[in-house]
Amino acid sequence: MKIQVKELFKKYKDLQVISNLNMDFSSDRIHCIFGPSGCGKTIFVNILTGLVDADEGWVEGLEGKSFSYIFQEDRLIPWATVEENMLFVLESHYSKSEARQLAGEYLSLVNLLKFKNSYPEQLSGGMKQRAAIARAFAYGGDIVVMDEPFKGLDLELKKGLMDYIINDWNHKNRFFFFITHDVDEALYIADDIHVFQGLPLTLKKQITIEIPSCDRGKYRNEMGRYKDLLLGDF
Ligand SMILES: Nc1ncnc2c1ncn2[C@@H]1O[C@H](COP(=O)(O)OP(=O)(O)OP(=O)(O)O)[C@@H](O)[C@H]1O
């Protein structure tokens, strides 16, 4: 399956953020949208997934698809507990008992089960982000968008979540868009790294990493070559 972006244009007043961008994305792959801060990555992915309208152009392949988002900010409902925040989303797709079970499972995954009855204001920034990650993982849409999702998380948890995505989540005809400007995150998780520069947002190169992500630790030298390829752009 493919998502295709055709002749996309987007402007804010005099700022041409996107100008005639054309791209194809295949399912069952983790697509890393990589580029410097402010180059237009978030706007592009928001247009790609229908959150923001383009001025011109269109996107094919979204029909009938469900979406999971993890934004840069947690977007939790402040007057609901962590568990309720999950149930609001999950109960639109699952029975009450399934939703509760899923909420428990995914809160455990992000080490937050003990805080299921806490309100967002009682949590640290990293804990709120973990709750938002658990909510998106539990929902499990056909198209998953993660916009710098691991900001504020400690290394161990970040690695655990990336391993979970690589090993358990990147399948079933899913499209996965992972926005970052962190080279190591991109190399650890991505199948395809789309390297952008701005503005307007322009695709500089596409790097397909041939080594399966689950084996990357074993091939340090080879991974170094990919790193040089990526860092050559900055
Ligand atoms: N609603 C808006 N109105 C006007 N300008 C905007 C709006 N949203 C974004 N921009 C501008 O568009 C450009 C691209 O923004 P975008 O958030 O897509 O960048 P980014 O690559 O995701 O950055 P970062 O990595 O820092 O999150 C920026 O110059 C930003 O100031």
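Author: Let us begin with a term. Helices, of at least four residues, and strands, of at least two, are DSSP runs, numbered from the N terminus. Please note that this is a predicted model.

Reader: How many helices and strands does the chain have?

Author: The secondary structure comprises seven helices and nine strands. The radius of gyration of the chain is 18 Å, close to the 17 Å that the globule rule gives for 234 residues, so the chain is as compact as a globular protein of that length. Its C-alpha trace spans about 45 × 45 × 30 Å along the principal axes.

Reader: Which residues touch the most other members of the largest nonpolar core?

Author: In soluble globular proteins, nonpolar side chains tend to be buried together. Here the largest nonpolar core has 64 residues, and those touching the most other members are Cys32, Ile33, Ala103, Ala134, Ala138, Phe177 and Phe178. Helix H4 (residues 125–139) supplies the largest share, nine residues. Domain 1 (2–66 + 143–231) and domain 2 (77–140) both contribute residues, so this core lies between them. Leaving aside neighbours within four places in sequence, Cys32 is in contact with residues including Phe178, Ala186 and His194.

Reader: Which residues of helix H1 are buried?

Author: In H1 (residues 41–48), the buried residues are Lys41, Phe44, Val45, Ile47 and Leu48. These residues cover an arc of only 160° around the axis, which puts them on the same side of H1. After H1 comes Gly50, with a positive phi near 85°.

Key
Residues numbered from 1 in each chain as written. Predicted model: local features only at pLDDT ≥ 70, side-chain atom pairs only at ≥ 80, totals over all residues. Core = buried A, V, L, I, M, F, W, Y, C linked by C-beta atoms within 7 Å. Buried ≥ 20, exposed ≤ 12 C-beta atoms within 10 Å, placed from the backbone. Domains from an automatic or database assignment. Contact = placed C-beta atoms within 7 Å. Rg over C-alpha atoms; globule rule 2.2 N^0.38 Å. Arc of directions from axis to C-beta.
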